[in-house]
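Biologist: I am new to this structure, and I would like to learn how its features are read. Could you take me through them slowly?

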Amino acid sequence: MMRMLLVRGMFAGLVAGVLALVFARVIGEPSVGAAIDFESAEATAAGEPPEPELVSRAVQSTLGLATGVLVYAVAFGGLFALAFAVAYGRIGRLDARATALVLGVGGYLSAFVVPFLKYPANPPSIGNADTIDERTVTYFLMVAVSVGCAIAAACLGRRLMSRLGAWNATLVAVLAFVVALSVAGLLFPAVDEVPKEFPADVLWSFRVASLGTQLIMWTTIALLFGVLVRRRLPADRQLAGQPG
Amino acid sequence: MSVASSASVAVPIPVRIPLREVLPWAVFIGVLAMVLLYFVGAEQGATSLISGHYVHEFVHDGRHLLGFPCH
């Protein structure tokens, strides 16, 4: 059973990675290129010698990007299969496809979008090299808090289900998550490192591309995984209306 | 039981996978995924297991677009 889920999760991750890669290459790379042009122009204006290229831009924007996105997507495909194995049959009476979709939306929001609201993705030339330690720690901590609170909220919703019904229990769980993460967002340190002259529209299109890349990855994993496993999971065929 | 629910329609009830069956896979795949995500997202940034900048520079564009802190 677990083998079946993991194989399909990683396969869904691979397909999702390919689609996300196409999006990132076509929609995301132009703003990465524009940001690097800005960085080079700033360095030239400051009279700094150009940095030697350890990996050429051509490799970074093709093979390097593909490696990063595909490894990331396959890893999340595997984690998705694990989350599904725990969630299936435990979040209400959702069938396989619906469980996968709920997990996909929850994963996209809690593992990416919510941390992004506090610490949005930045193109090259934004970010002080001296603060990379703090920024790395706070970012990963934010992801951990967000995913942890999402899991806690799901458990809370499950407990309230019998008393409040599915609809209201879900609303309370979502509200608890929003409150907890708003507080966390206030407590976490702010990062303000965008250079004054950095073109705002490049920053905007880069961040939209970043959100889009992740959206494509998560929705593809969720929808494809649901279809791939739905006929392979055991289900008790019970008469409608009987208590489960 | 309400009479309104048509008693002849079978509704599949999801069967849970026992947590003790999930746990060993969760530990193994969880650790493996974290190692992979570390190399894509953070190696040769705040911490370096391999010296130099090659890993960082190679996955550079992906790291930026996937939302990891960089530089």
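Predicted model: local features only at pLDDT ≥ 70, side-chain atom pairs only at ≥ 80, totals over all residues.

Biologist: Which elements make up chain B, and in what order do they run from the N terminus?

Modeller: Helices (H or I, at least four residues) and strands (E, at least two) are DSSP runs, numbered from the N terminus. Chain B has three helices and one strand, in the order β-α-α-α.

Biologist: How far does helix 2 of chain A reach from its first C-alpha to its last?

Modeller: The expected span of a helix is 1.5 Å times one less than its number of residues. Helix 2 of chain A, residues 57–87, has 31 residues and reaches 42 Å, close to the 45 Å expected. A bend is the angle between axes fitted to the seven residues ending at a residue and the seven starting there, and helix 2 of chain A bends by about 35° at Gly64(A). After this helix comes Gly89(A), with a positive phi near 80°.

Biologist: Is helix 2 of chain A mostly covered or uncovered?

Modeller: A residue is buried if 20 or more other C-beta atoms, placed from the backbone, lie within 10 Å of its own, exposed if 12 or fewer, and partly exposed in between. Helix 2 of chain A is mostly covered, with 22 of its 31 residues buried, whereas in chain B 35% of the 71 residues count as buried.

Biologist: How many residues does each chain bring to the contact?

Modeller: Two residues are in contact if their C-beta atoms, placed from the backbone, lie within 7 Å. Chain A brings 54 residues and chain B brings 44, and helix 2 of chain A gives the most to chain A's side, with 15 residues.

Biologist: Which residues of helix 1 of chain B are buried, and what do they pack against?

Modeller: The buried residues are Val22(B), Ala33(B), Phe39(B), Val40(B) and Gly41(B). They pack against helix 1 and helix 2 of chain A, together with helix 2 and helix 3 of chain B. Helix 1 of chain B, residues 19–41, also has a kink of about 25° centred on Ala26(B).

Notes
Residues numbered from 1 in each chain as written. Chains lettered and ligands numbered in written order.
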